[in-house]
Amino acid sequence: MGTKRENTLVVDFSVLPKRPDASAVQKFMYGELKLDIADALNIQFHNVRNCAYVEMVDAATAKRYFASHHLQHTMQCEKKDYKIPVFVEDEAVNVRIHDLPPKTPNKVIKESMRPYGTILSISIEMWKNYFPGIYNGVRVVRMKLKQLISSYLTIDGETTLITYRNQAKTCRICGQKAHPRQKCNSSTSRITVNDPTDAEKVTNDENSEQTLPK
């Protein structure tokens with residue numbers, strides 16, 4: 001298990017089609033976040049996650065920047081504006097909900113996801129490459145998980161794909177561990193289908209694979 005980061009603000013540039021250079025990050029930090037250098041102990045660019053970690057002097061300072069700046073500012077990339085998530089590194093994960101209609105209310109999503117953990121925020125993801133700057137309909141629920149989530153859930157009558165980092169993939173038909181390229185022999189769906197008739201609507205499809213404030 002890795003060393004836990006403490007009192008750390010995450011400025012998430014992964015929503016952008018390409019990585020910003022250091023001068024653009026500096027401009028965003030000072031110009032938009034109004035970063036007071038006296039508040040920061042360490043600033044680190046993370047190459048894998050494409051974000052900046054800002055270790056603050058204490059937890060209260062990190063939470064203050066989060067409360068003031070999460071999804072409140074944009075950065076331009078390829079002539080499109082992208083809202084930049086800013087949050088405290090707190091062992092939460094970004095759960096992506098792929099297939100819901102755009103007008104599905106966030107309160108409906110909250111009620112469906114509440115059994116799986118504590119919900120911190122809900123946002124809508126943007127296209128990064130094919131249609132840059134346009135919302136792609138994927139809801140991003142940042143939450144602290146208390147139990148694992150299956151790869152498919154039924155939310156507001158819609159069967160939707162769920163993905164998040166280190167997720168144990170499950171079969172859409174039987175709800176058990178995914179078995180790609182193998183026919184599922186289950187005749188009924190044991191996934192989180194709220195209406196038994198929904199089992200007749202699903203098919204044997206194993207192929208599965210930033211932002212607006214709530």
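Author: The model is predicted, so local features need pLDDT of at least 70 and side-chain atom pairs pLDDT 80 or more, while totals for chains, interfaces and linings use all residues. Residues are numbered from 1 along each chain as its sequence is written, and side-chain values use heavy atoms, without hydrogens and water.

Reader: What makes C171 buried?

Author: Buried means under 20% relative accessible area, exposed over 50%, and partly exposed in between (1.4 Å probe, protein chains only). C171 has 0%, so it is buried. C51, at 4%, is likewise buried.

Reader: Why is K144 called partly exposed?

Author: Its relative accessibility is 39%, which therefore falls in the intermediate class.

Reader: How do you know that strand 2 and strand 3 pair?

Author: Strands are DSSP runs of E, at least two residues long, numbered from the N terminus. Two strands pair if DSSP finds at least two bridges between them. Six bridges join strand 2 to strand 3 (residues 51–56), and the two run antiparallel.

Reader: What makes strand 2 an edge strand?

Author: The open sheet of four strands has the order 2-3-1-6, with antiparallel pairing. Strand 2 (40–46) and strand 6 (86–88) each pair on one side only.
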